[in-house]
Amino acid sequence: MQLPPSSISGDFWVAFLAIIFEGLPFILIGAIISGAIDAWLPSSLMDRLLPKNRGAAIIVSGLLGIIFPVCECAIVPVIRRLVQKGLPVGCAMSYMLASPIVNPIVALSTWAAFQGRDPGLMTGARLGTGFVIAVAAGLVLSRVPVASLLRERVLAGLRPRSEAKTETIAPRQSFGDGVVRAFQSAQRDFLDVSLYFFIGVAIAAMTQTQVLYRPDLQDKIHSLAANHWLAAPVLMVLAFILSLCSTTDAFIIAQDAIFPATAKLAFLVFGPMLDMKLIFLYSSVLKPKVVLWLGLGLFIAVYAASFAAGTVFQ
Amino acid sequence: MKHEHSHDHDHHHHDGHGCCGHSHETKPAEKEHACCGEHAHVHTDKCAHGREHEHVHTDKCGHDHAHEHGSHCCHHHEAHEDAEWTRRFFLLMQAVVLVMIGGVMCYFVASGRIGAYLVGNFKILALAGGIGIIILGLFNLMMRDKNAGCGHDHSHGEEEESTATAASPHTHDGSVASRAITLLLLSGSVAAAAILTPDHYSRDYLMNKGSAIKQQPLTAEQLKQKNPGLASALSQASQTQGGLTLERLEKNGLRKNKDGNYELSVMDLHYMPSDLEYARVMDGQNVAATGQLVKDTANPGPGHMRLFTLQITCCAADAQPYSVPVVFEDGDPKFVDAGWYVISGKVEIGEERGMRTCRIKAKDLTATLRPPEQRMGF
């Protein structure tokens, strides 16, 4: 088969397809989990499993990634369904933001990538900072009315708390009906989330291949790397554009010889919480205004946390 | 169309609805009639579709209470037919799009083109994902007659009823337009990408990326991770009197080609200066390395070239170019820009822009085919 010759536009398609091929299986896994939750998970289970105290429940949710490690692409359809099944939004946000960082796979990959460069410190700082920021975000968002946070379509499927509490067993249905329902839900979620994923990936691939590595821009980036105050935000913006998977981003940034460790920490914490594709994925659950404020809040929090962690590194 | 609806106050009855033939289970309640204060009965009817409808009847006020609920129900019936048709149409289209996306993923894996995009287990995951997406679409297509619903209580109020569109009485599915746009965007972008991708980056992009990424010298530990064969040799050397020697490296996998040159990868050469002992042993040795040859734009001059390879950690989007300087003393050789070559020459450990580097003082170049593990090269 005759392939088109390499070109600037070809670079975009290569990067676009690469991220799609990498991410789509995880979105499918997330959609299937979401479908299974819809078909078989009783709504009251959330209330029974999580602590009654709101703060404690949000903290526990931030640690769920240790038991149920889900990457940032797969987590969105799962969260969408869990919220509809009665998981409090604060807990959902805490789990959604923490899970791509606070999980054993990411811990191991960060450890391996930073071998010879304080791997324990960097791994601990990454997981710790990610957890604290995710829980803080969950606590803040738990105080906002649900109707102000969630998109109409998610709200439409929201099960009232009173109904969720009384449903002690999964809806009565045959196993076959359950499978059909799970698959139909999975397909709906997969297509919904994929749309946002594709848009995010297209923008990320476009920025990465057409803008980021222009020599003139690189000179400016390198000059900013030496600036104590700007190094971290520069890498956070880079993480946002590159939209890397949280299990591999450590290998990419660990090799960098220019940026300080605190900036690398900011890259490793901010990227899995918010990047170009996640902006659009989050928009399938949250209202655009909420995504904007969440992004802004996360940026400030990670920036501040990286400086706080900097004192530990020194 | 309006209906005069006579009602016999037989509570908890089932009646065949004249307009649409639905069976309605009626549960009455009383409320005051708005126009004359007489009491009225409010009946909540559940039709065969499982939706609930509220009907208001008055019997004692003497007014002509021409009810509109029959008309509403007929429209509702038509809306249901439309909605059902739309639902089936979109199930078919969704299945087509899912099979297409899954098919593209499976095709790239089956044809081997996936090697240009993903590495290692991600290829298997892409295949499994592709098959899974196809199964998802086909299963739902086969089960299109079975509407399992969403499990929610859809006892819509009048207001909600009126806002639901005929094509989308079930609000989770979105409007017809949004569903159509979703399918068009997904299928269109995947089709365009599959047709237009050259399976490798352009030379300019990788050159820019290569010079943009400043790779840190590796520690001995990292060097071992990148090259397990060398790891064993270095580890033994550090524990043995006399340190690292060529013999020890040969025992641990360092091979010579038929011309007597040590076969090293570009990555080996790139990271060689990171380990002082390794660099000491290899300095001045004849080696052969395979990569793509380009003019060195960062350090221009006659005979100044660069040998490139790519390493993908996860997917092509994170591809990192590695390169090693190559110097031809007699000026530029005859070569195809970015072509694949085996470069033979002597290793020289030196400095480039303040960093210890390894370069090849080239004696010969031989054109070669792109190695299978280097599908991504430009």
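Author: A crossing of two helices is called right-handed if the near helix is turned clockwise from the far one by less than a right angle, and left-handed if the turn is anticlockwise. The model discussed here is a predicted one.

The crossing of α6(A) and α8(A) is right-handed. On the side of α6(A), the contact involves Val89(A), Gly90(A), Cys91(A), Met93(A), Ser94(A), Leu97(A) and Ala98(A). From α8(A) come Gly130(A), Phe131(A), Ala134(A), Val135(A), Ala137(A), Gly138(A), Leu139(A) and Leu141(A). Sorted by class, the residues in this contact are 11 nonpolar and four polar, with no charged residues.

The surrounding chain may now be described. Chain A contains 18 helices and zero strands. Its radius of gyration is 20 Å, close to the 20 Å given by the globule rule for 314 residues, so chain A is as compact as a globular protein of that length. The C-alpha trace of chain A spans about 60 × 55 × 35 Å along its principal axes. Of the 314 residues in chain A, 56% are buried. Among contacts in chain A between residues at least 6 apart in sequence, 88% link residues at least 24 apart.

Terms used. Residues are numbered from 1 along each chain as its sequence is written. Chains are lettered from A and ligands numbered from 1 in the order in which they are written. This is a predicted model: local features need pLDDT of at least 70, side-chain atom pairs count only at pLDDT 80 or more; totals for chains, interfaces and linings use all residues. Helices (H or I, at least four residues) and strands (E, at least two) are DSSP runs, numbered from the N terminus. Two residues are in contact if their C-beta atoms, placed from the backbone, lie within 7 Å. Ala, Val, Leu, Ile, Met, Phe, Trp, Tyr, Cys and Pro count as nonpolar, Asp, Glu, Lys and Arg as charged, and the others, Gly among them, as polar. The radius of gyration is taken over C-alpha atoms; the globule rule is 2.2 Å times the number of residues to the power 0.38. A residue is buried if 20 or more other C-beta atoms lie within 10 Å of its own, exposed if 12 or fewer, and partly exposed in between; C-beta atoms are placed from the backbone.
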